[in-house]
Number of protein chains: 2
Amino acid sequence: MEVDHLYHLGLTKQGDNLEKDFGDVRFICTGGAAHRMYTYALMMKEELRIDGDLIDLSADGHRFSMYKVGPVIFINHGMGVPSLSILLHELFKLVAYAKCKDVVFFRLGTCGGLGKAPGTVIVSKRCVDNQCRSTFRIVKLGKEINMEATLDQELANNLINYASANHPDIPIEPGCTMTTDDFYEGQARCDGAFCDFTREQASIYLNEIAAKGVTNIEMEATCFAAMCTKARVKCAIVNVILVDRLEGDQVRVDKETYNNFQVRPFTIISNYIKSIINS
Amino acid sequence: MEVDHLYHLGLTKQGDNLEKDFGDVRFICTGGAAHRMYTYALMMKEELRIDGDLIDLSADGHRFSMYKVGPVIFINHGMGVPSLSILLHELFKLVAYAKCKDVVFFRLGTCGGLGKAPGTVIVSKRCVDNQCRSTFRIVKLGKEINMEATLDQELANNLINYASANHPDIPIEPGCTMTTDDFYEGQARCDGAFCDFTREQASIYLNEIAAKGVTNIEMEATCFAAMCTKARVKCAIVNVILVDRLEGDQVRVDKETYNNFQVRPFTIISNYIKSIINS
C-alpha cells in the first residue's frame with residue numbers, strides 16, 4: 001500500500017519518516033499496562049545510559065503508549081488477545097516499513113501460577129488455549145482457523161540459561177502457558193461479579209490442567225506465539241507469577257513485593273538484550 | 001467476601017469507602033480509549049455545571065481511567081472482549097458494594113459500518129458474534145458456554161426517539177451489531193500485516209453479512225449485552241461509524257471530522273441522561 005495509516009499507533013507510512021525514526025529497532029518489548037512499560041523504558045534508559053526525555057510515540061493514536069530507548073521499543077498491548085492482535089498487526093507493518101532487521105519480540109507479563117510460588121518467572125516453551133490445544137483460534141470471514149502457536153525453543157533456553165547464570169536470586173523455570181479470554185470465570189476464578197461453578201469444581205479443574213503440564217495462566221500467549229510465527233519473527237514470553245491459583249483467586253501481594261516481582265521479567269530481558277548489544 | 005480487591009480498578013472493598021464515594025452513581029458510560037472518556041467527562045462537567053478537577057479514580061490499578069461527574073461515571077474499557085469483561089466484573093461488584101440503585105450502563109463506541117455513511121450513529125437493537133449467532137461464547141472450566149446477548153429494546157427505542165426529536169442533525173438508526181475478536185482479518189480487512197483471503201472474498205463476505213441485517217462491526221457488543229443481561233442491569237450500545245466497510249478498510253477521516261463524529265454518541269447519551277436527571 002502506498003498510503004497506510006497505522007490507525008491505533010497514530011503513525012502513517014507517508015506522513016512519518018518511519019525508516020529514520022525506527023530503522024535501528026532490534027527489540028520490541030510489550031506487556032499489558034502502559035505504566036509498567038513506561039517504568040521499564042525509564043530503567044532501560046538508565047541501563048543503556050541514553051539521555052533525553054521519553055516521548056510517547058503513539059500518543060496520536062490514543063490506544064497504546066510507545067517509548068523508544070536506543071534499539072529497544074517498549075509498548076503496552078492492553079489486556080487480552082484482541083487488543084494484542086491489533087498491536088502486532090501494526091508493529092509488524094511498522095518494522096517492515098522502517099526496514100528493521102531481525103527484530104525480536106518479547107512479552108513481559110504477569111500471570112497466575114499453578115503450584116508455583118508468587119515471584120517465580122516462567123519462560124514459556126509451549127502455550128495452549130483455554131481448552132488445552134496448542135493452537136490460536138481466529139475466525140476469518142465467518143470460518144474458524146486454527147493457527148499453530150509455537151515458540152522459539154532456542155531463545156527460551158537462552159533466556160533461562162542466561163538468567164540462571166546471572167540472576168540466581170530470581171526463581172525461573174520453563175513452562176507451558178495457558179491463554180484465556182477472561183480473567184474471572186475464564187480462569188476458574190470464583191471472585192467475579194457472578195460465577196456458575198463451585199469453588200470445588202474450579203479447584204478440580206485447575207489441578208487437572210496442572211497435571212497436564214500447564215504452569216501458568218494469562219491472556220495473550222497463544223496469540224503472541226501464533227502471530228509472531230506467522231510473521232516469521234523470533235519471540236519469547238516471560239511472565240512473573242503474582243498468585244498461586246491452587247491456593248486462591250485474589251492477587252494480594254503488597255505494593256513493595258509487587259514492584260519487586262514485576263521488575264523480574266525486565267531484569268532478565270534487559271540484561272539479555274544488553275549482552276547481545278555488547279557482544 | 002469480606003475482603004475484596006477490585007484488582008484492575010485499584011479499589012478495595014475494605015480500604016475505600018465505596019458507598020460514600022460511589023453510592024450516588026446512576027449511569028456508567030464506557031468506551032475504548034481513555035482519552036475519549038476523559039474528554040466526555042470534561043464535557044459532562046460543563047453540561048452539569050459541576051466544579052472541581054477530574055481525578056482518575058482507578059489510577060492505582062494502572063489499567064483503566066475512571067472519572068466521576070455527579071451521578072455519571074466515565075471509564076474506558078480498552079479494546080476487545082477480554083478487557084471489557086474484566087472491567088464489567090469489577091464495575092458490577094463496585095456498584096453492588098456501593099449500594100447504587102438501578103444503574104444504567106452505556107457503551108459509547110466507534111465502529112465500521114456496512115453500507116452506512118461515516119458519521120451515522122447506530123443504536124444496537126441486536127448483536128451477533130463473528131459467526132452471526134446472537135450469543136456470547138465464553139469458555140468456563142474448559143467448556144464452551146453460550147450466553148444470551150440481548151439488549152433492552154425500550155431503552156434503545158427511547159434513545160433513538162430522543163435523538164431524532166432533539167438532534168435532527170445527527171443521523172441515527174437502530175441496528176444489528178457484529179462483535180469480532182480482531183480488527184484486521186477478523187473484520188475482513190486486507191490491510192493488516194498479513195491476510196489469508198482476497199479483497200474479493202472479503203467483499204463477498206461483508207455483503208453477505210450486510211444482507212443478513214448486520215449494520216456495523218466492532219469488538220465488544222456481545223460481551224456487553226450478555227454480561228449486563230446476566231447482572232440484570234439495563235444497558236445500551238451506541239456506536240458512531242468511522243468507515244463504510246463496503247467501500248474500504250482504512251479509517252481516513254481527518255482530525256476535525258473525527259472529533260465531530262466521536263462526540264455524537266456522547267451528545268445523545270449525555271442529553272438523554274440530563275433529561276432523566278431533570279425529570
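Modeller: Happy to! Let's start with the word "domain": the bounds of a domain come from an automatic or database domain assignment. For chain A, that assignment gives two stretches, domain 1 (1–102) and domain 2 (109–254). This is a predicted model, in which local features need pLDDT of at least 70 and side-chain atom pairs count only at pLDDT 80 or more, while totals for chains, interfaces and linings use all residues. Residues are numbered from 1 along each chain as its sequence is written, chains are lettered from A and ligands numbered from 1 in the order in which they are written, and side-chain values use heavy atoms, leaving out hydrogens and water.

Now put domain 1 of chain A beside domain 2 of chain A. Their C-alpha centres are 24 Å apart. On the side of domain 1 of chain A, 12 residues join the contact (heavy atoms within 4.5 Å), and domain 2 of chain A brings 13 residues to it. Between them, domain 1 and domain 2 of chain A bury about 980 Å², where buried area is the accessible area (1.4 Å probe) that two parts lose on being put together, summed over both. Carbon and sulfur atoms account for 81% of that area. As for salt bridges (a side-chain nitrogen of Lys or Arg within 4 Å of a carboxyl oxygen of Asp or Glu), the rule finds 0 across the interface of domain 1 and domain 2 of chain A.

Next, let's move to where the two chains meet. Chain A and chain B each give 62 residues to their contact. The area buried between chain A and chain B is about 5,500 Å², with 60% of it from carbon and sulfur atoms.

Side chains of opposite charge can pair when their charged atoms come close. Across the interface of chain A and chain B, the rule finds 6 salt bridges. To see a pair made by a residue from each chain, look at A:Asp196 and B:Lys230, whose side chains meet in a salt bridge at 2.9 Å, N to O.

Over all chains, a search of the whole structure finds 30 salt bridges. A pair within chain A is A:Glu47 with A:Lys274, joined side chain to side chain at 2.6 Å, N to O. Here distant parts of the chain are linked: A:Glu47 sits in helix α2 of chain A, and A:Lys274, 227 residues away, sits in helix α8 (residues 264–277) of chain A. Helices (H or I, at least four residues) and strands (E, at least two) are DSSP runs, numbered from the N terminus.

Let's finish by zooming in on a residue in a strand. A:Lys125 belongs to strand β7 (residues 121–128) of chain A. Leaving aside residues up to four places away in sequence, A:Lys125 touches A:Leu151, A:Gln153, A:Ala156, A:Asn157, A:Pro174 and A:Gly175.
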